[in-house]
Amino acid sequence: MITREEIIRLTNEALKKEFELTDEQLVPTAHLQNDVGLDSLDAVDMVVVLEQKFGMTLRQGYDIRSIVTLNDLYNFIEKLARDHEAGK
Amino acid sequence: MILSPKVVITGMGAVSPYGAGVAPLLNGLFTGKGCMHTVPELEALPMVKTKVAATVPEMDFSYIPRRDRRSMSRMAKYAYAAARETLQSAGYETAPQGLGFFMGSTLNSISVWLEVSKNCIENHLELVKTSDFLQIMNHSPLATVSQALKINGPCVGASDACATGLMNVGMAYLAVKTGLVSQALCGGTEEYHPMFSACFDIMQATSHNFNQTPNDACRPFDKDRTGLVCSEGCGLLFIETEENAKARGATILAEIAGFASNTETENMAYPSAETLRQCMEAALKNAGISPTDVDLLNAHATGTIIGDIAETQAANAVFGHSIKVNSLKGHLGHTMGASGSLETIACVEMLRRQEILPTQNLHTPDERCAPVTHVTTAQKMPVNTIVKNSFAIGGNNCSLILRRSL
């Protein structure tokens, strides 16, 4: 079972590479738009890179408006991973 | 009678196989430096006869803000660099309000297209990013550079294959001349992909007999030529009314005195001498000058057998045998959609230096070409008026008249 720490590490790794971010920007409370600087186009591309990273579909049920902070994103991926592992 | 304004060039920017900037371009051309090389992808294709190309040296574009860069293909990055240089050379740190932007390319980014196509064919559409799509729109370089540099006047992209660069200069000239805009950025951009060489090879239009010595490969008008060498880059000009330029104290580099365009409808790939003659004559008429006023014809001449012959026949018909003719494809290769505007930059410099460049690799003129006076060595001479030609597959022809600024 993938741990939350592993989810955070993989997510940060993907975001850093795709959006040229630093570790300092990737704190859980960071606002994806205001602090990390991602816009609506980035939000779409973020799904593409995270799907590749985690090998599962994120876009179904993905609602960018409900994911405001980085922590929201970790929670979203963790829930999907748990569902995925449970065969849902 | 309404007097239309004089249109002048006040800025230039370039990315070419000689590097980023107008200075390396001019240094390369005026020193006759070679920039062609063999292409490993072509060497791996036995059916493709040509093995050489000229490409822009590897460059670091990380200085372009990520949000702007994410949607830029390689040719858009060339255009960004050239546009910034052009604005700075015209005396601007940022784009002036209402600046028009006229720029296109022959194709969009083939490398990005192939990547997206591969994902589609392999049923992996989920791998396609928004930024991929934004890189393969036909007007992607125009759109991304106008966004990045806040160019907020009309942005229009003529796409006329090899005539693209000059056609956009011509369209911008008309837009300034008729008052649509008072200032415009204009030209063409292109990125090389081996598919360019392969496609021209299929059409029997590439250079293939000097693969071992790439810098000898492109030889316009020479008896040993077999075709063109594909290349890449971006050339842009800043143009405006003379009144505007003088009012803001800008340095006037040259005047655009006339422009004309027509279309060959008899053959998709080969322009007839007659249609080319009509195009050049229409440009002279537009400028209100006669053939004897012209000091130099900077030919399109890509080094193909038929194209070079047709252009000399047209030149001879318009100007007679004494017209001095040169082509820059021997130096630069065929930079495709960028060729017209990159070569116009060189023409502006020839007017400024009062020195005309030779046609590189032209040692023995092909007897099938009509008599013209080929420039085979650099010459210092009075140069006041240059005709610049660009002709495209598809039949799109254009001629621009450049005049020295006194």
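**Entry 1, the domains.** I am working with a predicted model. I looked up the domain bounds first: chain B is split into domain 1 (7-247) and domain 2 (258-404). The C-alpha centres of these two domains of chain B are 20 Å apart.

**Entry 2, where the domains meet.** I then turned to the contacts between them. In chain B, 56 residues of domain 1 are in contact with 52 residues of domain 2. On the domain 1 side, the elements of chain B that each supply at least two residues include β1 (7-16), α1 (22-31) and β7 (183-190).

**Entry 3, chain A.** Next I checked the other chain. Six residues of chain B are in contact with seven residues of chain A. The chain B side of this contact comprises one nonpolar, two polar and three charged residues.

Ser71(B) sits in the loop that joins α3 (66-69) to α4 (74-89) of chain B. Buried or exposed, I wondered about Ser71(B)? Ser71(B) is buried, because 21 other C-beta atoms lie within 10 Å, and the cut-off for buried is 20 or more. Setting aside neighbours within four places in sequence, I found Ser71(B) in contact with Ser131(B), Leu134(B), Gln135(B) and Thr144(B). I also noted Leu296(B): from Ser71(B) to Leu296(B) I count 225 residues in sequence and 41 Å in space, C-alpha to C-alpha.

Definitions and conventions:
Residues are numbered from 1 along each chain as its sequence is written. Chains are lettered from A and ligands numbered from 1 in the order in which they are written. This is a predicted model: local features need pLDDT of at least 70, side-chain atom pairs count only at pLDDT 80 or more; totals for chains, interfaces and linings use all residues. Helices (H or I, at least four residues) and strands (E, at least two) are DSSP runs, numbered from the N terminus. A residue is buried if 20 or more other C-beta atoms lie within 10 Å of its own, exposed if 12 or fewer, and partly exposed in between; C-beta atoms are placed from the backbone. Ala, Val, Leu, Ile, Met, Phe, Trp, Tyr, Cys and Pro count as nonpolar, Asp, Glu, Lys and Arg as charged, and the others, Gly among them, as polar. Domain bounds come from an automatic or database domain assignment.
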